[in-house]
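Please consult the sequence and coordinates shown below while reading.

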Amino acid sequence: FKPEACPAKQAEALTSLRASCGTLTVPEKRSNPKEGKVELAVAIIPSTKQPPEPDPVVYMAGGPGANAIEQAQDLVKVGLNRNRNLIIMNQRGVAYSVPNLACPEVDVAFAAAVGLPYDSEQTRHVAATKACHDRLVAEGVDLSAFNTAENESDFADLRTALKIKQWNVYGLSYGTELALSLMRDH
């Protein structure tokens, strides 16, 4: 874990929450840890109660692929940092991570398809998805490394890197599956 500035697109919102940010660097595939690396964006929001309880809350977003850091203000509004520090990490492939698996090709296809029947030949969704896949593979991204097993290990590595003995895991949608996998395996 390396402390760094908060992501520029979220800096104002995170500053208002007194967040500190950083990047966790992990192996792309733990089965071959020397081959590639993934960098994951992390935000830590202090508890409103000081001193905080010793066991923070870690949030796991849905999707998979939801931008957890973008949800920081909503998570604070519902009180997830009322008594404990709140730790938010974007999953691998999501915004602010390296590599970022965003597919602008698919976004363009969806925009062009507005108003067309779902199964229209003109939607070109399959072609856009293939174009995104082919671009990411050509950039050297091993797409098989973007899965629940690697995601859960990223969170286990974050807990170790931050020297946290115990934390409370809070997942939403796919994040609940991720939380259960983390608890089972780590």
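Pro 64 is found in the loop between strand S4 and helix H2 (72–77), where helices (H or I, at least four residues) and strands (E, at least two) are DSSP runs numbered from the N terminus. The model is predicted: local features need pLDDT of at least 70, side-chain atom pairs count only at pLDDT 80 or more, and totals for chains, interfaces and linings use all residues. Residues are numbered from 1 along each chain as its sequence is written, and side-chain values use heavy atoms, with hydrogens and water left out.

**Backbone geometry**

Most residues other than glycine have a negative phi, and most peptide bonds are trans. The peptide bond from Gly 63 to Pro 64 is cis, with omega near -5°. Another cis bond joins Gln 50 and Pro 51, with omega about -5°; Pro 51 belongs to the loop between strand S3 (37–45) and strand S4 (57–60).

Positive phi values occur at Arg 18, near 60°, and at Tyr 96, near 70°. Arg 18 lies in the loop between helix H1 (11–16) and strand S2 (20–27), whereas Tyr 96 is placed in the loop between strand S5 (86–89) and helix H3 (104–113).

**Packing of H5 and H6**

Helix H5 (residues 148–161) packs against helix H6 (residues 174–185) at an angle of about 70°, with the axes 9 Å apart. Axes are lines fitted to C-alpha atoms, for helices over the stretch in contact, and angles run from 0 to 180 degrees between N-to-C directions. H5 is therefore roughly perpendicular to H6 (65 to 115 degrees).

**Accessibility**

Buried means under 20% relative accessible area, exposed over 50%, and partly exposed in between (1.4 Å probe, protein chains only).

| Residue | Relative accessible area | Class |
|---|---|---|
| Asn 151 | 5% | buried |
| Asp 154 | 1% | buried |
| Arg 18 | 53% | exposed |
| Tyr 96 | 26% | partly exposed |

How values were computed: Parallel < 35°, antiparallel > 145°, perpendicular 65-115°, else oblique.
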